Amino acid sequence: AVVTVSGSRGVLVVGGATGGDVVEFLDWDIKHQWKVLGKLNRGRGMMPGVGFIGGKLSIVGGYSWPGAVDMIEQWDEDREEWVKTGMRLNHARYNHATVTVPGDMFPMCSNATI
């Protein structure tokens, strides 16, 4: 996913066939150098979603043995670690996509649960 982390734009990679827990970031300005952006609290594979929820970089769903994950984790820039949120998907899922849209685009969803 294309994201901005601590003011730097780049590419974020999470998950994969192995369901790893390491998140990596490639800063477009530095280039050619991947930075480990912490470890998730729960490894994710099979295309976990990446997007921004409430302005915070979030990892949504994914697959972790024995099935789909409903957990959402967010990047805490001050502590430089992934933290579990109280948010959960209504339906655990993997092999999905996420899209970040401005909050005013869907005002009827502003107070909805995820």
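I looked up Glu81 first: at 32% relative accessibility, Glu81 counts as partly exposed (buried is under 20% relative accessible area, exposed is over 50%, and partly exposed lies in between, with a 1.4 Å probe and protein chains only). The model is predicted, so local features need pLDDT of at least 70 and side-chain atom pairs count only at pLDDT 80 or more, while totals for chains, interfaces and linings use all residues. Residues are numbered from 1 along each chain as its sequence is written, and side-chain values use heavy atoms, with hydrogens and water left out.

I then checked the partner of Glu81. Its side chain meets that of Arg79 in a salt bridge (2.4 Å, N to O), a term for a side-chain nitrogen of Lys or Arg within 4 Å of a carboxyl oxygen of Asp or Glu. Arg79 is exposed, at 52%. Asp76, Arg79 and Glu81 are linked in a network of salt bridges.

I searched the whole structure and noted four salt bridges. One of them joins Arg44 and Glu73 at 2.9 Å, N to O. Arg44 lies in the loop between S4 and strand S5 (49-53), and Glu73 in strand S8 (residues 67-76), 29 residues apart; strands are DSSP runs (E, at least two residues), and helices are runs of H or I with at least four, numbered from the N terminus. Arg44 is buried at 0% relative accessibility, and Glu73 is buried at 0% as well.

I also recorded Arg88 with Asp70, whose closest N and O atoms are 2.8 Å apart. Arg88 is in strand S9 (residues 81-93) and Asp70 in strand S8, so the pair ties together parts 18 residues apart in sequence. Arg88 is partly exposed at 43%, and Asp70 is partly exposed at 26%.
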